[in-house]
Structures are given as C-alpha cells and as structure tokens.
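Dear colleague,

I am handing over the structure below, and my notes on it follow. Please read them with the structure open beside you.

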Amino acid sequence: MAENADTQSFWEHLDVLRAAVVKIVAVAVLFGVAAFCFKEELFAVILAPKDDGFITYRLLYSLSGLVTQADVPDFHVKLINTGLAEQFIIHMKAALCTGTLCASPYILYQLFRFVSPALYVNERKYVVRVVGGGYAMFMLGVLISYFLIFPLTFRFLGTYQVSGEVENMISLQSYISTLMTMSLAIGLVFEIPILSWLFAKLGFLSANFMRQYRKHAVVAILIVAAIITPTSDVFTLSLVALPMWLLYEISIVIVKRV
C-alpha cells in the first residue's frame, strides 16, 4: 500500500474525498457553462440526426448506389415545443450532460487518485485496465448509438405513417429524451466484454459456461433490450439486441483467452 494509507485518520480521508468532489463538480460545471454558452454549436450536434444530410444517411445512400444528391429521398422531421419553459430546461439539461461527459476523464482521474493509496501495486494495475477499458467501451457505445442506432431508429419511427393524412411532428423533449436514454443504455451495454474479462480473472466465469448457456443469454438479451429500449417497436429492439449479442460472442473469445 501507499505510505500514507494507514497514517491518515477517517476525517483526513473525508477531507481528501471532499476536495476531490469539489474539484469534480467545479470542472463539470465549468464545462457545462461552456456548453451552455455555445448553444448553436451544441444543438447543431444534438439535432444533426434529424436531417437527411447527416453523415450516416449519406453513407448509407452511397453504399446503396445513390451517389447523386438528386436521387436522395427527402427526409425531414419537424420538431415542436409543447411547454413554455421546455426549451430552456432542455438547454440546461443538454449542457449539463455535455459538461459531465467532457469532464469524465478528469472525474475518473480524481476518483482513482482517491482510492489508489488503498490498493496494492498489482491491484492498481487491474483497476487501471478495468476503468480505462470500461471508459473506452462506454464512449464507443455512445458514439455507435449517436452515429448508427439512434439515427436509424429516428429515421424509421420519424417517417412512419399509418396514413398520409397524419403528419409526424415530434416533440423536442421526446427527441432529446430518446437520444440521451439510448446513448446511456448502449454505453452501458458495451461494458459486457469488460465485465466478462473481470469475472474471468476472478474465476467466476468460463468460456464453456457461456457457450453452454448461449440460448439462455439470447433470451436474456432480448428481455434487457426490451427494458432499456425507450420505444416499444421491434425495429429499435433489434438494433439494440444485435450489438448485445455480438458483444456476448466477443466476450466468449475474451474469456477463453483469459
């Protein structure tokens, strides 16, 4: 252990924790205020998937052979606001979430500094691997949700009509809520390989066990996907369940190597 791990009293540890929390909150608020001030740039990124010029749609058009802009089908969903203070509240929530996301590396650094004196050298090595790998996988999940899963979900549900006489006008609150919920859910889902690696290291999980209960895992994946999916349609359920199944198969390979 570190030299001062046993010499500090409970109140000294509490002071160190309080100082770390103050620094974390200050940095997160600072990033949040910066995001709040750059409103146009912030919502240009958040609202990008609702337009047909989004990179995911253009890439899919190119892959399908629609290489000319004239051949690209029109796609535009109008967002509406239904509450007096709703846009301001959403602006604050979006800025706060963005600030926390931008400050997340510093947050993890401060938390690691607080707990590292109580760890042995080999324990620190595994903590760095788990936390670093978990953070990287979470961010990868958020990016895949933003660039792939959410745009396809929004494109499908935003343009779906039971009749040509019924026009789709999606509320801003519904759009933001679905985007944030799906990003968080997919980010957590991408932690499956890291948790599998950790449980294999601890001796709680084996590749043979995961293969034996693969069918049960598929059923569990469908149930979890149905729970975390913000919408109730089969299309979105499939988009969420497919990455979970792929991650499960990747986890089997990781556990086998461990």
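H10 itself covers residues 234–257, and its 24 residues should span 34 Å at 1.5 Å a residue, which agrees with the 35 Å between its end C-alpha atoms; the expected span is 1.5 Å times one less than the number of residues.

Please keep in mind that this is a predicted model, in which local features need pLDDT of at least 70 and side-chain atom pairs count only at pLDDT 80 or more, while totals for chains, interfaces and linings use all residues. Residues are numbered from 1 along each chain as its sequence is written, and side-chain values use heavy atoms, with hydrogens and water left out.

As for the chain as a whole, its secondary structure comes to 10 helices and 2 strands, these being DSSP runs numbered from the N terminus (helices H or I, at least four residues; strands E, at least two). From the N terminus on, the order of the elements is α-α-α-β-α-α-β-α-α-α-α-α. The C-alpha trace spans about 75 × 50 × 30 Å along its principal axes, and 33% of the 258 residues in the chain are buried. Of the contacts in the chain with a separation of 6 or more, 80% are between residues 24 or more positions apart.

The next topic is the aromatic rings. Rings of Phe, Tyr and Trp (its six-membered ring) pair if their centres lie within 6.5 Å, with planes under 30 degrees apart counted as stacked, over 60 as edge-to-face and the rest as tilted; by this rule there are 13 aromatic pairs. One of them joins phenylalanine 154 and tyrosine 175, whose ring centres are 5.2 Å apart and whose planes stand at 90°, so the pair is edge-to-face. This pair links distant parts of the chain, since phenylalanine 154 is in helix H5 and tyrosine 175 in helix H6, 21 residues apart. Phenylalanine 154 counts as buried at 8% relative accessibility, and tyrosine 175 is buried with a relative accessible area of 1%. Phenylalanine 156 and tyrosine 160 form a tilted pair, 5.9 Å centre to centre with 40° between the planes, and phenylalanine 156 is partly exposed, with a relative accessible area of 33%. Ring pairs also link Phe54, Tyr57, Tyr146 and Phe147 into a cluster.

Threonine 159 also lies in helix H5 and, at 37% relative accessibility, counts as partly exposed. Leaving aside its neighbours within four places in sequence, threonine 159 is in contact with Phe75, Val77, Phe154 and Asn168. Its C-alpha atom is separated by 8.2 Å from that of histidine 76, 83 residues apart along the chain.

Finally, isoleucine 227 is found in helix H9 and counts as exposed at 65% relative accessibility. Isoleucine 227 and alanine 185 are 42 residues apart in sequence, and 10.0 Å apart in space from C-alpha to C-alpha.

Technical notes. Buried means under 20% relative accessible area, exposed over 50%, partly exposed in between (1.4 Å probe, protein chains only). Contact means heavy atoms within 4.5 Å.
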